[in-house]
Amino acid sequence: VMTCTLAQAAKVPEIVAVTPADRTGRVHPALLAALHLCGATEVYRIGGAQAIAAISLGTKTIAPVDKIFGPGNAYVVEAKRQVFGRVAVDLLPGPSEILIIADSGANAAWIASDLLAQAEHGHGSIAILVSNSASLLTKVEKEVLRQSVTLNRQDALRESLRHTFLVQVKTLNDAVDLFNNFAPEHLSLAVRNPQKMAKDIRTSGAIFLGDISPVVGGDFVAGPSHELPTGGAGKSFPGLTVDQFQRRTSLVEFNKESLRRSLSAIRIFSQIEGLDAHGRSASIRLE
């Protein structure tokens, strides 16, 4: 939904999806239905770094593609880095990340549920709460422990909770500075005036304003694509947009008069750079 639909909106003629099958070679029918509804024209049962290699280099059964979009684990992200240039890649979305900035008035149970929602993704996921309130941090820690035992994905939670941090800072300005240096995928502003604080955020995949705005709302139903940069890539990339499925080029057309008016500048550049053939390729057209 977060990738194929944008490609379809951009009128991409071939939308190739790769996804791992289970050990019997079966792909979940709900996933196949979603791919069909969202515009996929081909589906291949392959995943991981080997899928990136296959669709960028090509195999006997899979033709190489022009662009690769979609999230993956750390190995998939590294594979995309290595094929960049042979194909275009998106914003390097890897394991999920959330950083929450909260003040003393935030709801500890809600914050704990957001941390656990990201931790539920499992290996590599990072969840961080930053606050200037020691009392809130203590309450959230208790809530995380209380809520976590009621959830289903215990193995994933145990792995991710080792990368869940509660950080105390002196001021909320310190929290903003920490965030801007880290640039994680999701930012939740559980503070009294989130709109004001958001103006100081230089980079983020997505910003959720106020503690009534759960990140899961962006995961499943909010309008922008929820394919977002991770691992600090937010400093270089935005979230996925339709225009990333498009390519731009320039159309240049001179007539004799416009070329004549440009010739002196062309000659000067050619002389300065010592490229006399450049200048000649323009002047010869007016002789």
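The exercises below, each with a worked solution, concern a predicted model.

**Exercise 1. Determine the strand order of the open sheet of 5 strands, and find which strands stand at its edges.**

Solution. Step 1: list the strands across the sheet. The order is β7-β6-β5-β8-β9, and the pairing is parallel. Step 2: look for strands with a single partner. Step 3: follow the twist across the strands. From one strand to the next, the twist averages 15°.

**Exercise 2. Describe how β5 and β8 pair, and which helices pack on the sheet.**

Solution. Step 1: take the pair itself. β5 (residues 97-102) and β8 (residues 186-190) are joined in the parallel sense over 5 bridges. Within this pairing, A102 has A190 of β8 opposite.

**Exercise 3. Decide whether β8 is enclosed or open to the outside.**

Solution. Step 1: count the buried residues, where buried means under 20% relative accessible area. In β8, 5 of the 5 residues are buried, so the strand is largely enclosed by the rest of the structure. Step 2: check each face. H186, S188 and A190 lie on one side, L187 and L189 on the other, and both faces are covered. Step 3: consider the neighbour β9. Strands β8 and β9 run parallel and are joined by 4 bridges. Here H186 stands opposite A206 in β9.

**Exercise 4. Find the buried side of helix α8 and what covers it.**

Solution. Step 1: name the buried residues of α8, which are L172, A175, V176, F179 and N180. Step 2: see how they are placed around the axis. They span an arc of only 135°, which means that they are on the same side of α8. Step 3: turn to the face directed away from the buried side, where the exposed residues N173 and N181 are found. Step 4: identify the cover over the buried residues, which includes β5, β6, β8 and α9 (194-198). A183 follows α8 and has a positive phi, near 50°.

**Exercise 5. Describe the largest nonpolar core and what supplies it.**

Solution. Step 1: give its extent and centre. The core has 22 residues, and those with the most contacts inside it include I100, I111, L115 and L129. Step 2: trace the sources. β5, α5, β6, α6 (134-148) and β9 each supply at least two residues of this core. The most comes from α5, with 6 residues. Step 3: examine one member. Leaving aside residues up to four places away in sequence, L115 touches I100, A127, I128, L129, V140, V144 and L166. Step 4: note another core, which lies apart from this one. That core has 16 residues, among them I46, I55, I62 and V65.

**Exercise 6. Decide whether E143 is buried or exposed, and list what it touches.**

Solution. Step 1: locate E143, which lies in helix α6. Step 2: compare its relative accessibility with the cut-off. The value is 17%, and buried means under 20%, so E143 counts as buried. Step 3: list its contacts. Not counting residues up to four places away in sequence, E143 touches A108, A109 and A112.

Methods: Residues are numbered from 1 along each chain as its sequence is written. This is a predicted model: local features need pLDDT of at least 70, side-chain atom pairs count only at pLDDT 80 or more; totals for chains, interfaces and linings use all residues. Side-chain values use heavy atoms; hydrogens and water are left out. Two strands pair if DSSP finds at least two bridges between them. Axes are lines fitted to C-alpha atoms, for helices over the stretch in contact, and angles run from 0 to 180 degrees between N-to-C directions. Contact means heavy atoms within 4.5 Å. A nonpolar core is a set of buried Ala, Val, Leu, Ile, Met, Phe, Trp, Tyr and Cys residues joined through side-chain atoms within 4.5 Å. Buried means under 20% relative accessible area, exposed over 50%, partly exposed in between (1.4 Å probe, protein chains only). The arc is that of the directions from the helix axis to the C-beta atoms.
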